[in-house]
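Have the model open as you read.

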Amino acid sequence: MTNPLLRHAIHNALRNYAIAGASTLALGIALPAVAQDAAQDTNTQKLDTITVTGSNIRRVDIETSNPVITVDRAEIQKSGKLTVGDLLQQLPTIAGMANNPNVNNGGGTGGAFISLRGLGSNRSLVLVDGKRITNGDVNAIPSAAIERIEVLTDGASAVYGSDAIAGVVNFITRKDYQGAEIQLNYGVSDRDDGARRGFTVVFGQTSDKGSLIGGIDYNKTDQILAGHRDFSQYSLSLNRTGTAVRRAGSFTGPGGFFVGLPQFANCSYYGYGTVDPSAPGGGGIPQGYRCYEPASTTSTGDTFNFAPINLITTPQERTNFFLNGSYKLTDSTDAYMQVFHNGTNSAGQLAPLPIQFGPSGVTVTAGNPYNPFGVDVGAGSADGYDFGVRLTALGPRIINFSSKTDQARLGIKGSLFGTDWQYDLWGNYGHQSFVFRNINYFNAAGAARALGDNCNLPQAGVPMDTNTCLDIFNQRDPNTATLLHQFYSLGVDNGSLQTERQGGLDLNGPLFDLPAGQVSVAAGANYRKFYLRQFADTVTLTDPVTNTCPAGSASLCNAPYTGGFNVKEAYVEAFVPVLKDLPFVHSLNVTLGDRWSKYNTFGSTNNWKLAVEYRPIEDLLLRGTISKVFRAPNTAELFTGTSSSFDSYTFNPAYNEPRSTANNQVQTIFSGAAVSGFPIQPEQGKSFDFGVVYDPQWLPGLSLSADLWRIFLNDNIQRPRGQTIVDLCYIPTHAYDPGNPYCGYINLNAQGTITNISGVSVLNLGRLDVKGVDFAGVYKLPETSFGNFSLGLNATYLTEYNNAVPASPTSHVAGAFNTQFGTFPRWRALGSVSWQMGDFSASWQMRYIGHLKNNVNAFRGLPDGFLPIGAVTYHAVSFGYNIEPINTRIDIGVDNLGDKQPPLYYQSTVNANIDINTYDPIGRFYFGRVTVKF
């Protein structure tokens, strides 16, 4: 017969796991399964202990000082998602601009990255079974391998080291499984595009000597063209008064634009000219040319509608394999292994290449037969005469992406010398390779002769070659299209290989007893070595003098680099039960932790934590954690060679800021800190979380929680954006000040227009302050004759998100959209209603994204100084049925049931007129899944 006290303890452990408020709030929101049983050992009369994300100490309690959101396997299954990234990025605690498969311009990898609190994927640590992984793309983790996902929403550098600033996402894998299952998935949008299909095969064998589980996971998603949705058919621009919307397009069209040439000096639009073969010329303008006409409310003018060619969902294809195994060497020792493989192929598609001759190193010489102006135009012009054109004859740019990731972990674990102490000796190796193939770019160096003085004009019956003159001004000329395709169409590769080697020893166990309970300790040490090598085609190598490359497109110019770092770490963590079973003190526990890390790149750092759990009564938990957090500079931030980025740019006339030759973008040339000679230190800050959890015994099944959190971070590691540098130069004095160091980065042409910003380094710059409140609730109603019902809610209110940079006004991002950080509404929420009756089940999920202000420069002329963005609510439903006689389950569902369209952000974003990181661009989507078990 079981001891009554033990039976009560087991009941409480299981109850806490099932209804632990914020600790176990699943997305659906269903009650998570107990994957690691808090079960009775009938021989020793003890409860099994487990570790919960956020601590290395093994405890019976599931509900601790750590605010953890749990997404269980059942929620993953009924969501209809083929990848877990699509599921996790719906959490209210995730915000900002982390890439997802809908990001085309600036993405195209099919990856999904986690940005907890909107602090960026570099400050959100991803783990598998508590250990670091090589690839931060969570879509690369096979969903068939996952038992549950634990999301820690608190800083945890004392427990896990660098990067765990905003929190941790820990994927707990399936271990013990007997049998086999096959799963088939299919889904398609309401507009019959974006189809996704996939299958998984899982097998497992478990015995007294050990277990083995493995599987294959394959999924594929079709692309969706932006032209297939009303909101993204055109590039839309809202004027400064908010009274008219223009189909603006790109300033660079197939007719191009001339800058600074005296022939166009009298043109009303900034003295810009364009190519028009039907134009008669006159007033000093040659035949076939005229003044540039900008877009208006009634016409697109000479702008180019690039929008419909782009994608709002990128094509993706993945093949995953996983294997988990353990073998009992002795009664107290287990050997284990874990192997993952992922292969991903994806692509992005952009409108035909726009080039500007000057920044791209292209010159049409004064003596070229197709140059009627009698002066050099482009990079060779001493007077800054320039031309930009969209090479429509080359066709759309295609960026093919392929990636392979392999990771293996081996270890031995068990009890130490037959005591209650546990050890885990492990080694972990991972490598990732990726390749970008850029197609339909322009070979500028190869075309130099065709754009020079001594080329040969095309002649009928004479084959064209690289000596044939190229009329690059006129994209309508059939000879231009033929020459571009045959001789100057460029496909280039770049990519990288990275490896990560880790090894460590972890120990945990009881230390001694106090009146309130047992003091437990976890301690360990590990070593990690990270190496990265980036390679590039020779035609994309940046010339350090001209900042151009033979590829002829500044966006392709880069420099290969090799770099790495190693880190040695040691940690200790102690759990101390202070008081128990006293008046107004059901329990009081304290957890202390510290981690020492030594990097060969900058030195050593210590990061600590203090956590308190106080239960005045059994049903009420008051918790608080204070942690010191840090993030070490990564290899890209240290070793990136000279590269170019075209940053979003809006000039501000109020500060006399200049226009950019790239119009609404500015070319910024930068390199890593080690390359630039700017030594950088880690980011340092603190994380605070103070919460309350209420699990009333008088209403079983209910759990409520609230957590007040704050994070501040100093010495932020970042590469200043072009807009930031111009603002820091011009805002203080409203003029170009040679004594201002930021002005020294800006290069102006003879017309006073920015050609580029160069010499920029990654550095420690500024401070971030973020704070808010998390709310959570789950209620499993008593069983009724109509089935079992569960209600759930998870919400975040953002009170502050401030970015302070020296000599610049503080950016207040909370409740607004910011071009650097993304969309930050005050409120985000995820709620659900779940029902189960016998073999039938159903769920209804609601995702809420609150209203906000889009107050970037482009909208500061509006009546209130910003563009209002309304709140959006998405609804999703799913239905399931178990066909028990044939061990089969069928799930069907609809995402975005109401076909809610995303709000328009107009010219403030680069993808589809919307914030594609936040809102659903696909619309109503149907899915189905069949699972058969053997």
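## Ring pairs

Ring pairs tie F258, F264, Y289, F357, F373, F387 and F473 together into a cluster. To pair here, rings of Phe, Tyr and Trp (its six-membered ring) need centres within 6.5 Å; planes under 30 degrees apart are called stacked, over 60 edge-to-face, and the rest tilted. This is a predicted model, where local features need pLDDT of at least 70, side-chain atom pairs count only at pLDDT 80 or more, and totals for chains, interfaces and linings use all residues. Residues are numbered from 1 along each chain as its sequence is written, and side-chain values use heavy atoms, with hydrogens and water left out.

Searching the whole structure turns up 40 aromatic pairs. Take F251 and Y269: their planes sit at 40° with ring centres 5.9 Å apart, so this pair is tilted. It links distant parts of the chain, 18 residues apart, with F251 in the loop between strand 13 (245-247) and strand 14 (257-259) and Y269 in the loop between strand 14 and strand 15 (273-275). Strands are DSSP runs of E, at least two residues, and helices runs of H or I, at least four, numbered from the N terminus. F251 is buried, at 6% relative accessibility (buried means under 20% relative accessible area, with a 1.4 Å probe and protein chains only).

## Charges over rings

R117 lies over the face of W709, 3.8 Å from the ring centre. Likewise, R247 puts its charged end over the ring of Y234, 3.8 Å from the centre. The cut-offs for this are CZ of Arg or NZ of Lys within 6 Å of the ring centre and within 35 degrees of the ring normal.

## Positive phi

A912 isn't a glycine, yet its phi is positive, about 65°. A912 is buried at 18% relative accessible area, and sits in the loop between strand 50 (888-895) and strand 51 (925-933).

D163, also not a glycine, has a positive phi of about 85°. Look for D163 in the loop between helix 4 (157-160) and strand 7 (167-173).

Technical notes:
Buried means under 20% relative accessible area, exposed over 50%, partly exposed in between (1.4 Å probe, protein chains only).
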